[in-house]
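Please look through the structure shown here, starting with a pair of helices and moving on to the nonpolar cores.

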Amino acid sequence: MTSSTPGTVERAFEALYADTDTALDAGASLLAADPASDAGLARRGEEFVAAAWRRGWQPADVVRMVRRELDDVHVRLVSELIVAQSRLRQEGARGPRWAAQLDELAAGEKAPRTDRFSYATAVLELYRLLLRLPSIEPLDAPRPVSGRESGRTAQDSRMLGRIRALLAKAEATGFPEEAEALSAKAQELMARHSIDEALLAARTHAKDAPGACRIGVEAPYETAKAVLLDAVARANRCRAVWNDDLGFSTVVGFEPDLEAVELLYTSLLVQATAAMTKAEAAQRAGGRKRTKTFRQSFLAAYAHRIGDRLAAAAKGQVSESAGELLPVLAARDVAVADRMEDMFPRTVTTRLRGITDAAGWEEGSAAADRAQVRSRPRLG
């Protein structure tokens, strides 16, 4: 049995603290020449992943950051590393949202195994990024699943499946009336799901508390996208805080509402992108060349107008006669505000800038008016 040359991994890891390609090549050469170092290299990777969890990151956060900063091969490498580490440490016990992220990673494609030098280079590039991840606000701590929650898992899954299917059809259809009907039905189901959960928790005196999740807000036009996400969050009794540097927003709210925010934001972003592409093509066909300013103004107007429409829809989603419901929702609003204050005691307001294209603004506002968001039916 061969053993790794003493200090191979440690000497190779000197490249993690340098920014030069020369140092990286030297480290990769050491690892490539010593096959017995592979086991130690994998163990150190698992340690880097575990350190990321201690600094507040979750599996989807790490993968999103790797995708943002590196290449597809690094995404596959980190996905395999996270899955391996989770199996070793039984990370699935951290909760259903964490477990769902792991399941998605486990279903992905494996990283290609090329020559040893290329592989070692990619691993060192990945580890250098993991080592430099900053500390961020931790989300939910692990907690046991209550009997009420475990008993409703199948029902919740079916409900969310119906909502996803309706929104997928709304995004795919080329008929605005059909899309509006499909999306309106999806929103009605979201509202009923959230309200049912709130009332059930109140009646059973469940110790429910607000949670949090992170949603990627990627370039380009990330400020407008963050505004859109904030509007969706507020309409669903949540709050969102955008981290521009790291490319995500943290959304705080109760679990059914967090699920609604993720689904609706994703759907609206798909609709906005499709509408923007179509509007820009029409502008160019008319002889008016548009650049980045058109798209920036379009998405900014879309986010602004959707915010107005969602705010109006939120006012009508609960019947005034629902006497039992109003204090329950009020108490939840206070709990969400308190949780956000605990997580983010200091925040600043961001302004939309670079909105100078009038045609883009008009087209974006019109697209928002056509988007599948309308007042939810009153639920009494």
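This is a predicted model. Begin with helix H4 (residues 59–69) and helix H6 (residues 96–106), which pack at an angle of about 45° with their axes 8 Å apart. Angles from 65 to 115 degrees count as roughly perpendicular and those under 35 as roughly parallel, and H4 and H6 are therefore oblique to each other. On the H4 side, the residues in contact are Pro59, Ala60 and Val63; on the H6 side they are Trp98, Gln101, Leu102 and Leu105. Sorted by class, this contact has six nonpolar residues, one polar residue and no charged ones.

Next, turn to the largest nonpolar core, which has 44 residues. Within this core, Ile163, Leu228, Val232, Val251, Val261 and Tyr265 touch the most other members. Elements that each supply at least two of its residues include helix H8 (147–172), helix H9 (176–203) and strand E1 (211–216). Helix H11 (255–285) is also among them, and H11 gives the most, with twelve residues.

Which residues does tyrosine 265 touch, leaving aside residues up to four places away in sequence? They are Ile215, Gly216, Val217, Lys225, Leu228, Leu229 and Val232. A second, separate core has 40 residues, including Ala111, Val123, Ile136 and Phe248.

Finally, consider the confidence of the prediction. The protein chain has an average pLDDT of 81, and 77% of the residues score at least 70. Over residues 142–151, pLDDT stays under 50, and the model has eleven contacts beyond four places in sequence for this stretch. Residues 374–380 also have a pLDDT below 50, with 27 contacts in the model beyond near neighbours in sequence. Where pLDDT is low, the predicted coordinates should not be read in detail.

Terms used
Residues are numbered from 1 along each chain as its sequence is written. This is a predicted model: local features need pLDDT of at least 70, side-chain atom pairs count only at pLDDT 80 or more; totals for chains, interfaces and linings use all residues. Side-chain values use heavy atoms; hydrogens and water are left out. Axes are lines fitted to C-alpha atoms, for helices over the stretch in contact, and angles run from 0 to 180 degrees between N-to-C directions. Helices (H or I, at least four residues) and strands (E, at least two) are DSSP runs, numbered from the N terminus. Angles under 35 degrees count as roughly parallel, over 145 as roughly antiparallel, 65 to 115 as roughly perpendicular and the rest as oblique. Contact means heavy atoms within 4.5 Å. Ala, Val, Leu, Ile, Met, Phe, Trp, Tyr, Cys and Pro count as nonpolar, Asp, Glu, Lys and Arg as charged, and the others, Gly among them, as polar. A nonpolar core is a set of buried Ala, Val, Leu, Ile, Met, Phe, Trp, Tyr and Cys residues joined through side-chain atoms within 4.5 Å. Buried means under 20% relative accessible area, exposed over 50%, partly exposed in between (1.4 Å probe, protein chains only). pLDDT is the predictor's confidence in each residue, from 0 to 100.
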